[in-house]
Amino acid sequence: MPDPKEIEELLLGGELRYNRVDAVRLAGVSREFSGRVWRAFGYPSMPDDAIAYTEGDVAALDRMRRLVDDGVLDEDGVIRLVRAFGQTMTRLAEWQVSLLRDMLAEDVHDAASAEAVQTIVDVAEKHIGEFEPLVVHAWRRQLAAAGTRALAAAATRENGDPAGRPLTTVGFADMVSFTQVSRELEEIELARIVEWFEETAADIIASCGGRLVKTLGDEVLFSAETPEIGAEIALTVAAAIQDETEVPDVRVGVAHGPVLPLMGDLFGTTVNLAARLTSLARPGSVVIDGELAGALEASTEFEVTRIVRRPVRGLGIIQPYVLRRRRPGAAAVAPAPAPAEPEAS
């Protein structure tokens, strides 16, 4: 079995040389600041005399100190930035190790054996230099996309809500009867279904020009800058999953309105409404709110049909619409206004 310390040093890219006191002194930061940084990264607390830090750790502390000294960020801003990296990289690292383990399971009888672990170490030693630039490249690509979205939102903010939040189309795609399916399938088979669902949804969202906000196992949350893109994503996801006979259908709920972007996620009434609309949709169908229906009323690609108003938890009585692709030759018809009804108390 490979030495755990050797594996750690290989993946860290340097020798474990310093204890916490040394790292703090060399980086020129306070003990309190270093503790906040390591906790934000998600690292475990180490005794002061434990040799647990590399030159890279000291350099990272020094970079963060200089960000504060140069006035780029204050300490709280640095901690928030570090926490974003830490939480993102935790999932990425677990995903990568799991992927390698699953790939090795096809060639090695026991993926947890010393042979399998040694194979993973060999792969890391030979190719980690190739993996690292891919992480930076993906980050730069996503940073550019996020920056473009932020600029577009700022440019159109006058058309947003009074609080200055951008108008966004958001949707949830939820696998039907997932709890029942999870009881009937073996864990490996269930994991493959979830992975296929997430991959399929992610590919569709990206190819249509939307953003995958997050995955929740049997559910994905996506966003789009325009109602048309949001509608295209919703219908394409529903149809793609429906075509796969071994995977449960999905139901999709989509809403259009102001959202609050925070830490890579989206919050607000519009997001909550999209989630509630999902519960109203039949398997394989898409249900949308009145704002999105109104935005699509002149579309030549989509048609909306008003259905019965429903009370939903936390939002009172809402008017949902079913979204479909427009049939060839069908004329665009504006959604019929819903009759006035008292809101639920």
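Val72, Leu73, Leu81, Phe85, Met89, Val136, Trp139 and Leu143 make up a nonpolar patch on the surface, and together they have about 660 Å² of accessible area. The model is a predicted one, in which local features need pLDDT of at least 70 and side-chain atom pairs count only at pLDDT 80 or more, while totals for chains, interfaces and linings use all residues. Residues are numbered from 1 along each chain as its sequence is written, and side-chain values use heavy atoms, with hydrogens and water left out.

**Exercise 1.** Find which helices each supply at least two residues of the nonpolar patch, and state where phenylalanine 85 is placed.

*Solution.* Begin with the meaning of a patch: its residues have over 30% relative accessible area and no salt bridge, with nonpolar side chains (Val, Leu, Ile, Met, Phe, Trp, Tyr) joined within 5 Å and like charges within 9 Å. Accessible areas come from the Shrake-Rupley method with a 1.4 Å probe, and for residues only the protein chains shown count as cover. Next, turn to the helices, which are DSSP runs (H or I, at least four residues) numbered from the N terminus, as are strands (E, at least two). H5 and helix H6 (114–155) each supply at least two residues of the patch. Phenylalanine 85 has its place in helix H5, and its relative accessibility of 33% makes it partly exposed, a class that lies between buried (under 20%) and exposed (over 50%), judged with a 1.4 Å probe and protein chains only.

**Exercise 2.** Determine which helix gives the most to the negative patch.

*Solution.* First list the members: Asp102, Glu195, Glu199 and Asp203 gather on the surface in a patch of negative charge. Asp and Glu count as negative and Lys and Arg as positive, while His and the chain ends are not counted; the place of a charge is taken as NZ of Lys, CZ of Arg, CG of Asp or CD of Glu. Helix H8 (residues 187–208) gives the most, with three residues, and glutamate 195 lies in this helix H8. Aspartate 102, by contrast, lies in helix H5 (residues 75–105), where its relative accessible area of 47% leaves it partly exposed.

**Exercise 3.** Decide whether aspartate 57 is buried or exposed, and identify the nearest side chain of opposite charge.

*Solution.* Aspartate 57 has its place in helix H4 (residues 55–69). Aspartate 57 is buried yet has no salt bridge, and the nearest side chain of opposite charge, arginine 63, is 9.2 Å away. Finally, look at the backbone nitrogen of threonine 54, which lies 2.9 Å from a polar atom of the side chain of aspartate 57.

How values were computed:
Salt bridge = Lys/Arg side-chain N within 4 Å of Asp/Glu carboxyl O. Polar contact = N/O pair within 3.5 Å; in protein donor to acceptor, adjacent residues only side chain to side chain.
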